[in-house]
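Please read the points with the structure open.

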Amino acid sequence: MSVGVPVNPSSSSQLPAAPTTTTTRRRVADSQEDHCTVGVGGNAVVYIPEEEETATSCGGGGSLSSSCCPSGSHHNYVVGFLSLRKFRLVWMLMVENKSQWTAGIGRNMRSATNLGRLILILLSILVFTFFLIVAISGRRQRHVDKHEFIVSIHPRPTIEKIIREEESSSSFQVLLPKTRSIPEIWNQPETGNYQKCMARPKNQKPIKKTNGYLLVHANGGLNQMRTGICDMVAIAKIMNATLVLPFLDHSSFWSDPSTFKDIFDWKHFIKALAEDVQIVEYLPPEFASIKPLEKNPVSWSKSSYYRNSIAKLLKKHKVIVFNHTDSRLANNSPPPSIQRLRCHANYEALRYSEEIENLSNVLSSRLRENNEPYLALHLRYEKDMLAFTGCNHSLSHEESVDLEKMRYSIPHWKEKVINGTERRLEGNCPMTPREAAVFLKAMGFPSTTKIYIVAGKIYGQKSMTAFHEEFPNVFFHSTLATEEELSTIKPYQNRLAALDYNLALESDVFAYTYDGNMAKAVQGHRRFEEFRKTINPDRHRFVRLIDRLDAGLISWKDFSSKVKKLHQNRVGAPYLRRPGKAGPKLEENFYANPLPGCLCDTSEEQTGLNRFERPSIRAQSLR
């Protein structure tokens with residue numbers, strides 16, 4: 001039917017043939033479609049989006065004519081208000097075919113009232129569309145802001161997991177700054193539902209009047225003294241004793257004259273433990289003239305030993321001295337409150353001096369330049385350790401003889417005749433620098449990895465040659481810090497050890513080549529701090545693998561695959577502390593793994609289990 005042509009009543013019985021209509025497809029450019037009106041004659045013009053047509057035609061066929069109107073019309077104001085192309089297309093179709101459209105609806109709208117209703121409906125659609133666009137834009141912005149907030153408060157390993165979860169529940173694409181992908185080798189272990197549980201008991205009683213004063217002489221190197229001091233805090237609590245700031249060992253191998261105040265923030269130590277134990281800087285003058293009772297407590301003793309036997313001596317003599325502090329409290333038997341106090345003393349109260357803490361922050365930032373991760377390696381290959389263990393693999397004959405002389409010269413080293421080859425095959429020798437380099441390479445660390453060596457001077461003239469060939473980006477505190485930065489602490493081995501401790505604690509991955517006191521202390525602290533990745537090599541099996549590799553009995557591909565498989569569950573994930581099968585001496589050290597005691601499985605709280613003492617099945621599965 002023709003549009004806009006009246007029908008002759010006299011010919012109504014014979015309908016004319018439908019006129020031929022030519023349809024022209026015309027593309028509407030974004031820059032022009034809001035500024036043109038089109039006159040429609042016998043031809044119909046259909047506007048199509050740009051992506052549907054590659055060529056643009058400015059003319060039409062038949063009686064179609066078009067003219068651009070710079071000033072626009074009232075229809076174009078509405079189109080300009082809409083930003084979505086589909087709505088503009090619908091409106092243009094309505095405008096261009098207005099004569100057909102009005103004729104079509106004219107048969108249904110016979111009054112001005114119906115026309116007004118139509119206008120009202122159109123306006124409602126426009127208003128709804130406007131608010132819909134605003135809502136969509138606001139939701140998108142809130143979604144982006146949320147991820148920006150996530151990025152600002154979460155460490156990098158957590159960001160990707162959170163964003164993936166959020167994006168999977170949202171239909172919007174979040175635009176975030178591009179970040180460098182993190183290789184799998186730097187991924188942190190699965191931690192389950194474990195969190196710190198350090199809250200004091202609600203029924204904890206205030207500190208009673210002291211039974212006397214406890215003087216302690218911490219013995220050993222820095223980390224041995226550190227854990228011993230924490231045990232002394234717990235023992236003072238058990239005996240209701242007042243603890244005097246500990247004295248440090250000055251007669252050990254390093255002969256470091258540093259005092260407690262030189263290494264630790266002693267004021268923070270006293271303040272942090274004020275609600276648990278009374279700690280004083282000096283023995284009060286009225287007790288200074290009293291000759292103290294000297295006592296060496298029995299190693300790995302239970303709490304009852306101190307509560308009963310030693311506490312009676314303290315009440316009698318008022319001042320008691322412990323000349324040894326290492327391993328004087330059992331790993332597993334103390335009650336939960338005492339276990340938490342040990343952790344509170346070690347991980348929260350014992351903080352290094354401001355000088356050491358500040359330098360640690362500077363050096364860790366230096367290692368992380370360009371936002372790169374770093375690995376801290378406790379390469380226990382110093383002369384004293386090799387002499388003590390009798391391990392001389394890869395050393396020259398002259399160097400082996402030198403180690404033997406040192407071992408015989410130290411009286412309290414009881415074991416003198418040692419077969420270093422047998423000890424190595426048993427897994428009781430520190431890894432050599434070359435073995436450590438091959439191990440890290442087999443685990444998947446690239447040659448560009450930044451490695452900070454946590455150790456003193458490495459023994460052996462050519463010991464580090466093979467290591468540098470595999471990993472050239474190696475740093476010690478002496479090469480990472482300037483002479484000026486180290487000037488005040490360089491002469492003191494315990495202060496340098498404190499610096500190394502912090503850099504190992506803050507590293508992205510920590511690995512150690514021997515189970516010494518530092519390895520135990522650092523890995524335990526990293527477990528307490530959300531189970532940071534810590535690699536514990538299986539030396540017993542590894543030395544056999546590397547010997548086969550050196551003999552040409554296994555390919556590098558198979559060697560690397562076996563090393564990775566062997567250590568997939570030795571990266572610091574949670575597991576319950578292992579009890580000793582043949583006495584407390586063989587128990588896993590409390591400070592190497594404070595679970596259970598200071599870490600709790602929060603999933604067990606939902607079921608009402610005792611979160612301090614009951615073993616966790618999940619912990620055993622994560623081991």
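1. Helix H6 (residues 222-239) lies across E6, strand E7 (242-244) and E10. Helix H6 runs at about 160° to E6. Helices (H or I, at least four residues) and strands (E, at least two) are DSSP runs, numbered from the N terminus. Axes are lines fitted to C-alpha atoms, for helices over the stretch in contact; angles run from 0 to 180 degrees between N-to-C directions.

2. This is a predicted model: local features need pLDDT of at least 70, side-chain atom pairs count only at pLDDT 80 or more, and totals for chains, interfaces and linings use all residues. Residues are numbered from 1 along each chain as its sequence is written, and side-chain values use heavy atoms, with hydrogens and water left out.

3. Strand E6 (residues 213-216) and strand E10 (residues 319-322) run parallel, joined by four bridges. Helix H10 (residues 303-317) also packs on the sheet, touching E6, E9 and E10 (contact: heavy atoms within 4.5 Å). Its direction makes about 130° with that of E10. Leu214 stands opposite Ile320 in E10.

4. The open sheet here has five strands, in the order E8-E7-E6-E10-E9, with parallel pairing. Two strands pair if DSSP finds at least two bridges between them. Strand E8 (279-280) and strand E9 (293-295) each have a single partner strand, so one side of each is left without a neighbour in the sheet.

5. Another open sheet of five strands has the order E13-E12-E11-E14-E15, with parallel pairing. Its edge strands are E13 (474-475) and E15 (534-535). Helix H20 (residues 493-505) touches E11, strand E12 (450-453) and E14.
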